[in-house]
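Subject: Handing over the structure

Hello,

Here is the structure I promised to pass on to you. Please open it first, and then read my notes below.

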Amino acid sequence: MTVKKRPSDLTSLERFNLYYREKEPPLTAGQKAKRFIWNPKTKQFCGRTASSWSKISLFYFIFYAALAILVAICMWTFLQLLDARQPKWQLEGSIIGTNPGLGFRPTPPEVASSVIWYKGNDPGSYQFWVRELSNFLKVYKRDGKKAGAGQNIHNCDFKLPAPAGKVCDVDISAWGPCVEDNSFAYHKSTPCVFLKLNKIFGWKPVFYNSSDTLPQMMPDDLKEHIRNMTAYDKNYLNMVWVSCQGENPADRENIGPIQYLPYRGFPGYYFPYTNQEGYLSPLVAVHLQRPKTGMLINIECRAWAHNIVYDRHEGMGSVHIEIMIE
Amino acid sequence: MDTIIETTRGTVKVIRFNKPQKKNAIDGDMYLRVTKILNTAASDDEVSMVVLTGTGDFYSSGNDYSVSRPEGAWLQILGDFIKAFITFPKLLIAIVNGPAIGIAATTLALCDMVFASENAYFYTPFSKLQITAEGGSTLTFPRLIGQRKAAEMLLFNHKMTAKEGLESGFINRVYKPEELQSKAWEKIQEILKSFNKMIPMSTKCIRDGVWNSDLPVSSLVKGDIVHIKAGDVIPADIRIIESKGVVLCCGDLTALGRVAGLAARLQPEPSPLAREIRRFMRYMSIWALSLGVIIATASIILGYPFIQTTIFVIGMIVANIPEGLQPTITASLTLTAQRMVKKNCLVKNLEAIEALGAVTTICSDKTGTLTKNKMCVRHIWIWDRKYSVADPDFESTLQVNQALKAIKICGALCSTAVILPNGDIQGDASETAILNFLCAYDDPVTASVHLNKRLSRYVVVIKGAPECILSRCTAVVMENGNVNITNEVKKAADNATEDLANTGERVLAFADLILDPKEFPMSFDFDTEEINFPLEGLRLIGIIGLKDPPRDEVRQAIERVRAAGIRVMMVTGDHPATARAVAIEVGIATTAACHVITGNDLRNMTSDLLYLTLEKHHEIVFARTSPTQKLQIVEACQRQGSVVAVTGDGVNDAPALRRADIGISMGITGSQVSKQTADIILMDDNFATIVLGIEEGRKIFDNLKKSVCYILISNVPEVLPVFMFILFSIPLPLDLGTDMWPAVSLSYEKAEADVMERPPRHGDPLVSARMLRLVYGHLGLIEFAAGMYAYFTVMAEHGFYPADLFGIRERWDNEAVNDVRDSLGQEWTYAERKELERACQATYFIAVVITQMMNGVICKTRFNSIRDVGMKNHVLNIGLLFELVLAYGLCYLPGINNFFCTYPLRLQWLFLAIPFSALLLAFGEFRKYCIRKKLFGGWYNEMTFY
């Protein structure tokens, strides 16, 4: 705080200057601004001299460096305490919980939209979706195998789960019409949509252990399918089932027959996900074989297991897809 | 001997039981006398109250049984006596100078107030005497002291001591026996004073030829003829014609009314605090709006939708509103006003108290404010030596000095002042002072004994202006005899006179002459009209200097005020020499060469010249000024940019009081108008109280700065996340304002060590660049860093490592995306992500709250170390605790956390901000240490000392 000098404290010369010196003409705003940016008299740039600027820069450099170092030390110490391979909080302990969500590909380009919309006879229109899917499936292609990840891959079966440290293969090459070479059947106005179950570290599905105790809500055709499958091989019970349906009665009519590839669900041997090297999420390709064109079809796909809770409003255990083919 | 002594003291009738040989027992005659006095006083307009007391060390021992009494009339007498007490319509006060027994005690219960000495007791042994309790005591006692105590006294002869009486509510006050009379009378004077104010003023006048002896002043009209006598208040503007006055103007049209009107019309400047806050608000608005514009531009450039942008901008502006400021200001002003009232300073205008802290100039009255308004003997000159009364050795010197005896006799005899029977002295201020002085150093009664011895001859005593007296003297008293006056003596006396006069004292010389008993026998007839006795060849006794002494505490007060960089100017109507002397004595002027401007000088000055004079001279005394010139002085000071406080008591001072930034009126001597216009009233008329006010005012401003600093700090972690969100596309961390209470409670902080050692804040704004630098560049950033660290920690614990968060926002906030992948490959649905986001925001919020609590501790002081100040501000402590509890409540209470979008956090997440709190404290202490020691050449002070 500066003390204003009293005139009585001044020397006579100073007092003379105070009262009688010719006052400088007042500056215009522009001149003032100019003088503020560079004052040649005092050699001040923006109100500070070079030494003042260097001092202040040095101070702030030290101060912010100290702050940054503190943040860095705290962050580093903290990250050291974390396991790089697995999250600190898992399943119930984590906010992610034990209820994996269902996702679909291709992803629509617009924000907050789940509409797959294209013109069946216009390659420029469906090309986007095809490319989107190709990108998504790139990691699944066996010929593009990378050395590190590829070695881990193991052909699994219900009787042959992946050994420790290995991951199960997802073979997308033999999925009928839903292959890249076929443009995922988009050009035939019978698009394929890929479903995937969200990865949750350590999550294991609790399967329906008998075809007699299936939930009432489950669509009849799925029930039928499960009975058929399990009659053939009990191992198929170890499956997270998937069903897709039109949301409204009209949609159900419009949607037409649906083919699920390779299975009608995610086989149990892919679980649990433990951040293995090269882990591939199991996929279900949903092929709409005869969807009605020219109208929007609302589809809801559900995943079925004992420990998958369904809530349409919260979007739990299900995914909402809209398809419009012109 | 008279058994009842009846005296009148002003409007107070005093009845004294005077039968000390019988312990003031009351007989029939005394009953009748008291009854008669009370009944007369009841209808006498000149009497406003009656005081009862007793002679000796007994108040009264009750009924006098030794005097025979006629049975029938006796009851009548007693009944009338009691009835006179009960029906007495005015104030009845008893000064109980000793034990009160029987009827003396029961009548005390009928008095309005009772003051007792410590050795008094109250005793009603009715049951012992086998008579009924009398004097209505069975009714009055239980009311006063309760059933139990009353029964104890009236039935079981309990002897109640004065102390017990005070506790049980039987009496008002207890004093030491030797102090009883003086203290009790002090109280009575106080009561009388309040009486006078309640009594509407009336006047005697002739209207339409009819004599009105009791016309209220307010109903006077033009043309009435008013009778006035010495001591009356002039009721209106009148033209005096032979001790009568014709009313010319009344009400607002009088000279005084015009002055009062001027006061009402003058617009006071807005208070410095109001100006500051207005400025602060303006800057805050500009800052918030420009931030809003920046945010809006950034978000539109980055392609956010319009609605989102609007929400950003509104959030930004709201975050920048210092919501705690107004309650803080109100709280600190109110608190201080309450505290000031306890220190005899009534604050009428709350903002004035803060303005007092900003004061740069005080224009003070002299009489009554700086001085005691009571003449006193200060110096005595006797034969070439000056004795100071204030000298501690004075009393012992006095004992041996012969000449002083003579001065005593002379002073006592040669006086027009009268000592009233009760010990008061009535007369001219100087005469009173001399008698007071003699009383203090010797008993006046002894003086009269000396007189008796010398009755065989006459002695002429004379006092007056030294130059008159000296020329008549031929001899002078020395310590051991008389010496003829030589030129040297004369010169010495002249010097002494000049000396005393220069210090502003009023000088009187004393001389005497013993007349020859032969020439002037006892039967000699003196004639003062045609002087027939010699007044030449006198013997000079000594010279006395009188002065209205400064109040004891004023010098120190002015020293403190000056140390605080405030200029004190004296504006008085007194003579320049007196004014200068007082100014030097109290420290307003430090050299004898201080600049004195008289009212005449002032009248001839142009306003520019006055301005220059004020600039040129720091110590200025205005003498012989008329009260209206005060306004001129105040305005000149304000033109200089000073914040001016003015003290004044008269109606004429009102315009100056109104015009000043702070008008200070006097509680005791102040007129109604001056009190109405003033912002602050000093109940004890004491200048020293102003110093307290200045300290409090500065403290308020300091504490406001602390509060504002504290409030602003929490803006940083509210504003920066929005930038993080927009620029780095990380999910939005949030903050909720829970720091209101701590902000307000910072106004409970005690004043800092340097508060009275620095100049007034001239152009020192509430929010300076330094504070902003500190807030936005330092403290706020640390707080923000703590919040972000906590945020990233929780994210990382759930699998989102910091590096992966940058740029994630688009997918994160997309409701249609149900599988956002974290660093460990887990995929999160929208609901899960949003829950995680809430948890992170809550952690951020808690981290900010914890660091903000530490900031509260840091903001406690601007200058001192926390170690020295301690955590003694319990309001703040509770406030900080409350902030924490509130924050936790917001996080953990079900329902509430949903509403505020917070999340019940894991225990360990609550402590993430601790290292940053420690850094804050270390940094704050380091900063204050640098500021105290002025390290780095004071560069750091320039940077961050707000």
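A search of the whole structure, which is a predicted model, finds three disulfides over all chains; a disulfide here is a pair of cysteine sulfur atoms within 2.5 Å. If you number the bonded cysteines of chain A in sequence order, they pair as 1-2, 3-4, 5-6.

A:Cys156 is bonded to A:Cys168, with an S to S distance of 1.9 Å. The torsion about their S-S bond is about -95°, so this disulfide is left-handed. A:Cys156 sits in the loop between β6 (153-154) and β7 of chain A, while A:Cys168 is in strand β7 of chain A, so the pair ties together parts that are 12 residues apart in sequence. (Helices, H or I with at least four residues, and strands, E with at least two, are DSSP runs numbered from the N terminus.) Both A:Cys156 and A:Cys168 are buried, where buried means under 20% relative accessible area, exposed over 50% and partly exposed in between, with a 1.4 Å probe and protein chains only.

A second disulfide joins A:Cys178 to A:Cys192, S to S 1.7 Å. Its torsion, about -70° for A:Cys178 and A:Cys192, makes it left-handed. A:Cys178 lies in the loop between β7 and β8 of chain A and A:Cys192 in strand β8 of chain A, so parts 14 residues apart in sequence are tied together. A:Cys178 and A:Cys192 are both buried.

The sulfur atoms of A:Cys244 and A:Cys301 are 2.0 Å apart and form a disulfide. With 110° about the S-S bond, the link of A:Cys244 and A:Cys301 is right-handed. It connects strand β9 (residues 239-246) of chain A, which holds A:Cys244, with strand β13 (residues 296-304) of chain A, which holds A:Cys301, so the pair ties together parts that are 57 residues apart in sequence. A:Cys244 and A:Cys301 are buried.

Now for the backbone. A:Pro106 lies in the loop between β4 and β5 (115-118) of chain A, and A:Pro272 in the loop between β11 (265-267) and β12 (283-288) of chain A. A:Ser189, which is not a glycine, has a positive phi near 60°; A:Ser189 is in the loop between β7 (167-168) and β8 of chain A.

How do the chains meet? In chain A, 57 residues are in contact with 50 residues of chain B, contact meaning heavy atoms within 4.5 Å. There are four salt bridges between chain A and chain B, each a side-chain nitrogen of Lys or Arg within 4 Å of a carboxyl oxygen of Asp or Glu. One of them links A:Lys196 and B:Glu827 (2.8 Å, N to O). On the side of chain A that touches chain B, the largest share, 13 residues, comes from α3(A).

Some notes on conventions: residues are numbered from 1 along each chain as its sequence is written, and chains are lettered from A and ligands numbered from 1 in the order in which they are written. Local features need pLDDT of at least 70, side-chain atom pairs count only at pLDDT 80 or more, and totals for chains, interfaces and linings use all residues, while side-chain values use heavy atoms, leaving out hydrogens and water.

Best wishes
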